[in-house]
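Hello,

Here is the structure I promised to pass on to you. Have a look at it first, and then read on for what turned up.

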Amino acid sequence: MKSIFISGINILLAIFLMACNSQNDKKLEQALERAKENRQELEKVLDHYKKDSTKLAAARFLIENMPYHFTLEQYYTSPRKEKYRPDITLFDGFQSVKRHCDSLTNRGYRIETHHKYDISKLNSSFLIDNIELAFAVWKKPWAKNVSFTDFCRYILPYRAQYEEVSNLRKEFMERFLPLLDSADVKTPLEACIVLRNKIEKMVRYEDTGLSLYPTISETYRSGIGTCEGLCNFIAYAMRSAGIPVIIDQTTWVKMDRGHCWCAVLDNGHFLSFGENLAPGVHARLFSETRTLRPAKVYRLQFEPNLTEDYGKNDDGYAVSFKNPLIQDVTTEYLDKPTTIKVTIDMDIKENKRSNQVYLCNFNYNKWTDIALGYRKDSICYFNDVVGDNIFMVADVPDGNSLRFITAPFYVSTEGEIHKFIPDIQNKSSYTIHKRPEGYKEQHTLSYWDTQHKKFTPIEYVSETDTTLSYNNIPGNALLWLYIPIHMYNQRAFFLENDSMRVY
């Protein structure tokens, strides 16, 4: 009885969506105009479903949002302009693929990147097939209570991120549905756990050696991929089986680079999961492991969040978290975020063009923007940031490059600020232990010079095979030990109670 009621609500919602003609028709017409020569193909889809209000609403959802989505197409081009993409399944592992790619570069091949927008490329046959297959799995026991809105957002979409659009939905559906049927699962969470355990045996985390954006087919056929390739594959496979799944991502603040993972929608809440980490375990491990604790988490949606203020007073600086498809979901994770309020340390005029400012973290040997905030007078504000991290604030007055307007600072979990403004007159002594993997390499200790806005080297007074001793380290300085041959995870740190606090 309950399922019949929910199905009725879904149909009513679909009809309601179709009834909002004034706004939705304008959005649909704008999408069709963007399609240009492909408009006829999209109109075929709408005409195909003109007698089925629910599927027509789903078709409109896809078409209206297609202008925001594209394939990041990458391939090698030969000196004679021939396209070529190596098939990683034909090589014997990472080193074999890498040697092949290096040989291509040495022979004059170059990587080309193109954006192929869905609105002008996808045909009616593909879209109709995708809609039919999605509706077929929506009837399954674990999916039938998913609302129409959530169905459109997390089961219906034909792509996860920017991968090449895949035609494997039917194959995945036929492969995975019997597994879920036999497991007698009743909820999206139960279905996700069963299918995740299956996928864990099919694909694993491993660098392919191919420096091109991964495709679903490559990950599926090779059984390997980095986090982005695996997430795209997992999200697509889950949706093909009627499991509402999305991808979340972060830039690490206590490690270098970033990471992405999946989350399943169950009973109105998203539960994150990843390689070897089941829903419920994943978020808890992130919270309990210091280096895995994200300061910001973002979710890539299929439907953009276009508020009335979107794009107003923008400084023109292109960054991923300004994308209307990106949603800040930091508060959905276990660590309590705080609001950062920090004063600027420069005598600068107010940027009349924009009050936008950027929260930056030292990542992979440079300051990387991770969050958007705003400046009011001399104070910069950032909402929902997990503390116990080191940041610095920048603005972009020229629209192109970051200008740092604060000293680096440590923010506690409660939002308390401590700035690292080096005291040149108050120097201290300290002995640094060299990295075991690079004893024979040159080690350079530097401090962040707030005046010149760069790391400035400090001369050591003595050296052994395993140590460097200093007697001229500026007080209250943010420090960085740099080894050129070992670029990864060379984190900034500060000295406290005669010990290193690494971030």
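Let me begin with a pair of strands: strand S20 (residues 444–449) is joined to S21 by 4 bridges, and the two run antiparallel. One of the residues to look for is Ser446, whose bridge partner in S21 is Pro457. Please keep in mind as you browse that this is a predicted model.

These two strands belong to an open sheet of 5 strands, with antiparallel pairing and the order S21-S20-S24-S25-S26. Strand S21 (454–457) and strand S26 (499–502) stand at the edges with a single partner strand each, so one side of each has no neighbour in the sheet. On average, neighbouring strands of this sheet are turned by 40° against each other, if direction is ignored. As a bit of background, strands of a sheet pair through backbone hydrogen bonds, either parallel or antiparallel.

Now for a pair of helices. Helix H3 (residues 39–48) packs against helix H4 (residues 53–65) at an angle of about 160°, and their axes are 8 Å apart. Because angles over 145 degrees count as roughly antiparallel, H3 is roughly antiparallel to H4. The crossing in which H3 passes H4 is left-handed.

Which residues in H3 and H4 meet? From H3 come Leu42, Val45 and Leu46, and in H4 they meet Leu56, Ala59, Arg60 and Ile63. The residues of this contact of H3 with H4 divide into 6 nonpolar, no polar and 1 charged.

Enjoy exploring the model!

Best wishes

Note on methods:
Residues numbered from 1 in each chain as written. Predicted model: local features only at pLDDT ≥ 70, side-chain atom pairs only at ≥ 80, totals over all residues. Heavy atoms only, no water. Axes fitted to C-alpha atoms, helices over the stretch in contact; angles between N-to-C directions. Parallel < 35°, antiparallel > 145°, perpendicular 65-115°, else oblique. Left-handed = near helix turned anticlockwise from the far one by under 90°. Contact = heavy atoms within 4.5 Å. Nonpolar A, V, L, I, M, F, W, Y, C, P; charged D, E, K, R; others polar. Pairing = 2+ DSSP bridges.
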